[in-house]
Amino acid sequence: MRAKIAGPLANTAAGAIAEQVLRACVHCGMCNATCPTYQLTGDELDGPRGRIYLMKQVLEGEPAGRLSQTHLDRCLGCRACETTCPSGVDYHSLYDVARPAVDQAAPRPWKERLVRWAIRAAFVHPRRLSILMSLARRVRFAAPSSLRGKLAAPRSPGPTPAPRHGRRMSLLHGCVQAAAAPAINAANRRVFDSVGIDLVETPAVGCCGALSFHNGSQAEGRAIARRNIDAWCAELDAGSEAIVANASGCAAFIRDYGDILADDPHYAARARRVAGAVKDPVEILKANPPKAVRAPLSARVAVHPPCTLRNGPELADAPAELLATLGFEPQPIRDAHLCCGSAGAYSLLQPKFANELRKAKVEALTGGEPQEILTANIGCMMHLAEASPVPVRHWIEAVDEVVSR
Ligand code: SF4
Ligand code: SF4
C-alpha cells in the first residue's frame, strides 16, 4: 500500500518504521482470522486491517476523531495478527507510533486522562505500589470489582539463595509483580541456583516502562528505559550473562527498547544491546536443564502461554515442554492463540472485552480438568485467577516446587 507520513513524524526514525509497515500491508484481511477483538464484535474497525487504515489516515495528516481512538483503544496489542500476516506486517511497531499521534489529534476527555495518569502514578513505582496494595487489601471488599481479585494476599516468597556460583545473570525486579507476587522472583532465584546460576536483582531497576509507554506517556516509558539501560549495561560490562525477565510482558517491552529509542543518538546502540540480552527464564533453563528432586503436588496442569511469549519470541510451547521433563502432565488447550484479555492495563481500561476474553480462556484452559493453571506473566496470572475455578500461578513456581532443595 502507498504511504507517506506527514506532520511531526515525517523524516524521523519512528515515521520511517511506520511507513515501512504501512507499505508492507496488502489489505488481504487474513489477520482478522486471529484477532480476538474482531472475533468478539465482527466489526472491521475492531480488526487489524481496519485499525491499519485508521492509523494510516492519522499518520498521513488526516483528522482523527474519537471513533478512531475507540477502535484503537480496543486493540489488546497481542500481536496475534502478526502470526497470520503473509506479508510480515509488524503491526505492533505501527501501533506504538500511531497511538500518541491519535491521542494528539483527538484529545481524551479528562476522566480518561485521569485514569491513565492514576495507573501510571500507582503502578510504575514498586515501593509506592506495595504500600498502596497493602492498604487496599484492608478495604478490598469496597474496591471496584475489576480490582478486587487483584488485591488477594501474596504468597510468601520463602528464602532466597545468596550468590555462590561463578555464573551471574540480572533479574528484573518489576513493579506490579514485585508488589503482588514477590514469590515469583524468589522461586526464579532458587531454580537458577539449582542449575548453578546466581540471579541477582539490579537495585536501580524497577519497572520496565511498558505501563507508562502504553498508557499515555511514551516519554515516561522512554525515561524509565534509559534508566534501566544505564543500570543493565553496567551489569553486562561487569560480567552478567543476561537480563532475565520472568514477566513475559516486561520482556516483550524490553525487546523493543531498540525501536523505541531508535531516534536517541546517546541510547540507540545500548538500547539494542539490552534488547538483545533480555531472556525469558525458560530460554536459560532449556540450555541448563534443572533436575527434579520430588514429584509435583499437582501434576495435571494447563499451561497458558501469554501472547507476549507466543507472538514475537515464539516460546509458546517451551514452558510446557520443560514442565513435562519434570513430571508434570500439561493438558492440551484449544484456541491457545487467543489472548486472555489481560494485556497490561487493558483489563482495567476495557473491562467488558477483557472479561469476555477471560471467560472463553478459562473455559479453554479448564477443558482438560487441570489441577492448576500455570502461566508466564503476572498480568495474565492475576486476571485469570479472578475467574478460575483452580489455582493459577507462574510456571517457575511449579518448577521451584520440584527442583529446589
Ligand atoms: S494480513 Fe497482513 S497484509 Fe493482510 S491486511 Fe492484515 S496486516 Fe495487512
Ligand atoms: S494486536 Fe491483537 S487485538 Fe490488536 S489488531 Fe492485532 S490481533 Fe487484534
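Trainee: Why is glutamate 314 called exposed?

Mentor: Glutamate 314 has 10 other C-beta atoms within 10 Å, and a residue counts as exposed if 12 or fewer other C-beta atoms, placed from the backbone, lie within 10 Å of its own, as partly exposed in between, and as buried if there are 20 or more. Glutamate 314 is therefore exposed. The model is a predicted one, in which local features need pLDDT of at least 70 and side-chain atom pairs count only at pLDDT 80 or more, whereas totals for chains, interfaces and linings use all residues. Residues are numbered from 1 along each chain as its sequence is written, while chains are lettered from A and ligands numbered from 1 in the order in which they are written.

Trainee: What makes the phi of glutamate 314 worth a remark?

Mentor: Its phi is positive, about 55 degrees, although glutamate 314 is not a glycine. Most residues other than glycine have a negative phi. Glutamate 314 is found in the loop between helix H18 (307-310) and helix H19 (318-325), where helices (H or I, at least four residues) and strands (E, at least two) are DSSP runs, numbered from the N terminus.

Trainee: Why does aspartate 335 count as partly exposed?

Mentor: Aspartate 335 has 13 C-beta neighbours inside 10 Å, so it is placed in the partly exposed class. Aspartate 335 also has a positive phi, near 50 degrees, and it sits in the loop between S6 and helix H20 (346-349).

Trainee: What makes S2 and S4 the edge strands of their sheet?

Mentor: The open sheet of 4 strands has the order S2-S1-S3-S4, with parallel pairing, and S2 and strand S4 (278-279) each pair on one side only. Strand S3 (residues 243-244) is joined to S4 by 2 bridges, and isoleucine 243 has valine 278 as its bridge partner in S4.

Trainee: What is meant by calling a set of residues a nonpolar core?

Mentor: A nonpolar core is a set of buried Ala, Val, Leu, Ile, Met, Phe, Trp, Tyr and Cys residues joined through C-beta atoms within 7 Å. The largest such core here has 119 residues, of which Ala18, Leu94, Ala98, Ile243, Ile254 and Val274 touch the most other members. Helix H6 (residues 91-105) gives the largest share of this core, 7 residues. Leaving aside its neighbours within four places in sequence, leucine 94 is in contact with Ala18, Val21, Leu22, Ile52 and Met55.

Trainee: Which domains does the chain have, and how far apart do their C-alpha centres lie?

Mentor: The assignment gives domain 1 (7-105) and domain 2 (289-403), with bounds that come from an automatic or database domain assignment. Their C-alpha centres lie 28 Å apart, and the contact takes 13 residues from each of domain 1 and domain 2.

Trainee: Which residues come nearest to ligand 1, and which to ligand 2?

Mentor: A residue is near a molecule if its C-beta atom, placed from the backbone, lies within 6 Å of it. Of the 13 residues around ligand 1, Cys25, Cys28, Cys31, Cys85 and Val89 come nearest, and of the 13 around ligand 2, Cys35, Pro48, Cys75, Cys78 and Cys81 do. Helix H2 (36-41), helix H3 (48-59) and helix H5 (80-83) each supply at least two residues of the shell around ligand 2.

Methods: Pairing = 2+ DSSP bridges. Contact = placed C-beta atoms within 7 Å.
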